[in-house]
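Here is a note for a colleague who is meeting this structure for the first time. Please read the points beside the model, in the order in which they are numbered.

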Amino acid sequence: MKELLAIQNKIYEIRGQKVMLDFDLAQMYGVETAQLKRAVRRNEKRFEGEDFMFELTKDEVSRCQIGTLNGGRGSNIKYLPFAFTELGVAMLSSVLRSETAIEVNRGIMRAFVAVRQMITANPMAVRLSVLEKNFAELKQDLEEIFMDYNDINEDTRAQLEAINTTLAELQANPGRKQRPRIGFRMDSDGE
């Protein structure tokens, strides 16, 4: 179980695919990375297409924090690593023919299958994707509501300004005619 977990920790998602990198595979197979790359280059036809293997770009290496600089000699990545998909790892077993390679390859294939099963069978992953979708929709709705709210505020402010202006004009106009008072009038005699 520990071996499976150690292998799963070396599976990365790059370009939307689950992959393992050449230096991790070389370490697991007990060979040098250069030796693994030579074997792959000698058998390029077996690895044609990005569904088997592809070479990472400098940007991908830096984004994945794979090529962090270390102090010791020879510890930095000089060449861009190869990324092997599940199919590519399976094909490596036909290129590297040692007993160690075959045993390690079995463990790697089991790890890929376990990762795939966790993704497809895990209801939490499905629920998480539904939650992400709902969150995005809610965020969009809130943005629309706030835009409408701001429009209403602008309209309300304009109306209040118009009312205040009209009231100010009415109060500033003292030359209006006095109206007779309405109501019961008493004479000065008291009758």
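1. A word on helix axes comes first: the axes are lines fitted to C-alpha atoms, for helices over the stretch in contact, and the angles run from 0 to 180 degrees between N-to-C directions. Please also keep in mind that this is a predicted model.

2. With that in hand, consider the packing of two helices, α2 (residues 22–29) and α3, whose axes are 8 Å apart and meet at an angle of about 105°. Because angles of 65 to 115 degrees count as roughly perpendicular, α2 and α3 are described as roughly perpendicular to each other. On the side of α2 the contact is made by D22, F23, L25, A26 and Y29, while α3 contributes T33, L36 and K37.

3. In one of them, F47 and F84 are arranged edge-to-face, with 5.9 Å from centre to centre and 75° between the planes. F47 lies in the loop between α3 (33–42) and β3 (53–55), whereas F84 belongs to strand β4 (residues 82–84), so this pair ties together parts that are 37 residues apart in sequence. Both F47 and F84 are buried.

4. F82 and F84 form an aromatic pair as well, again edge-to-face, with 6.3 Å between the centres and 80° between the planes; F82, like F84, is buried. Taken together, the ring pairs link F47, F82 and F84 into a cluster. A charged side chain also belongs in this picture, for K37 lies over the face of F82, at 4.8 Å from the ring centre, and K37 is also among the residues of α3 that make the contact with α2.

5. A last point concerns E60, which is found in helix α4 (residues 58–63). Which backbone atom lies 2.9 Å from a polar atom of the side chain of E60? The backbone nitrogen of T57 lies at that distance. E60 is buried, with a relative accessible area of 7%, and, when residues up to four places away in sequence are not counted, E60 touches I14, R15 and E55.

Terms used: Residues are numbered from 1 along each chain as its sequence is written. This is a predicted model: local features need pLDDT of at least 70, side-chain atom pairs count only at pLDDT 80 or more; totals for chains, interfaces and linings use all residues. Side-chain values use heavy atoms; hydrogens and water are left out. Rings of Phe, Tyr and Trp (its six-membered ring) pair if their centres lie within 6.5 Å; planes under 30 degrees apart count as stacked, over 60 as edge-to-face and the rest as tilted. Helices (H or I, at least four residues) and strands (E, at least two) are DSSP runs, numbered from the N terminus. Buried means under 20% relative accessible area, exposed over 50%, partly exposed in between (1.4 Å probe, protein chains only). A charge sits over a ring if NZ of Lys or CZ of Arg is within 6 Å of the ring centre and within 35 degrees of the ring normal. A polar contact is a pair of N or O atoms within 3.5 Å; within protein, one must be able to donate a hydrogen and the other to accept it, and residues adjacent in sequence count only if both atoms are side-chain atoms. Contact means heavy atoms within 4.5 Å. Angles under 35 degrees count as roughly parallel, over 145 as roughly antiparallel, 65 to 115 as roughly perpendicular and the rest as oblique.
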